Amino acid sequence: MIAAAAVTTSSSSSSSSSGGSATTQLSRYENQKRRDWNTFGQYLRNHRPPLSLSRCSGAHVLEFLRYLDQFGKTKVHTQLCPFFGHPNPPAPCACPLRQAWGSLDALIGRLRTAFEENGGSPETNPFGARAVRLYLREVRDLQAKARGISYEKKKRKRPPPTPLPPPHSVISSSPN
């Protein structure tokens, strides 16, 4: 198993730079993306049989996301749980801990970008596979129902129509 995967979705801690360092500090996002990419690479190497990135598919990405669930910290109530659908349950229960949908969604976004930055083409990007998008939607909906939260698509607010300026009256000086 991969111990580094537990770090994958946790927030990064800030690092202090040494006084005379001339190296460029990577952003928190870039550091997280690099860690996530390294963790996924380690997952592929430890896969039985080991997988090359070129043979990786959306199914392998789903396998990776399910593997990460064991390191999750979000309580997801089962339908048999008396607290299913309650945003703030009054007592503890034995429901499993999972990765939060938002963490998985952000992780896939970083890995999708890292794949292309490391030479992969957008057409063969396993992190953008339809199965991965459907899985994320399913996780989001399941977690929303389990917590009693609805994710409805927000309607785009249209700006109020701006009044047209009054038409200018043109005075013609045509001879009679």
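A salt bridge is defined here as a side-chain nitrogen of Lys or Arg within 4 Å of a carboxyl oxygen of Asp or Glu. The model is predicted, so local features require pLDDT of at least 70 and side-chain atom pairs count only at pLDDT 80 or more, while totals for chains, interfaces and linings use all residues. Residues are numbered from 1 along each chain as its sequence is written, and side-chain values use heavy atoms, with hydrogens and water left out.

Four salt bridges are present in the structure. One of them joins the side chains of Arg140 and Asp141, at 3.3 Å from N to O. Arg140 is partly exposed, at 24% relative accessibility, and Asp141 is also partly exposed, at 30%; buried denotes under 20% relative accessible area, exposed over 50%, and partly exposed the range in between (1.4 Å probe, protein chains only).

Helices (H or I, at least four residues) and strands (E, at least two) are DSSP runs, numbered from the N terminus. In the pair formed by Glu117 and Lys33, the closest N and O atoms are 2.8 Å apart. Lys33 is buried, with a relative accessible area of 4%. Glu30, Lys33 and Glu117 are linked in a salt-bridge network.

Asp36 and Arg110 form a salt bridge through their side chains, at 2.5 Å from N to O. Asp36 is buried at 0% relative accessibility, and Arg110 is buried at 11%.

Helix H5 comprises 18 residues (130–147) and should span 26 Å at 1.5 Å a residue, which agrees with the 26 Å between its end C-alpha atoms; the expected span is 1.5 Å times one less than the number of residues. The buried residues of H5 are Val132, Tyr135, Leu136, Val139, Gln143, Ala144 and Ala146. Viewed down the helix axis, these residues fall within an arc of 165°, so they line one face of H5; the arc is taken over the directions from the helix axis to the C-beta atoms. They pack against helix H3 (58–68), strand S2 (97–98) and helix H4 (101–117), contact meaning heavy atoms within 4.5 Å. The face turned away from the buried side of H5 carries the exposed residues Arg130, Glu138 and Lys145. Gly148 follows H5 and has a positive phi, near 75°.
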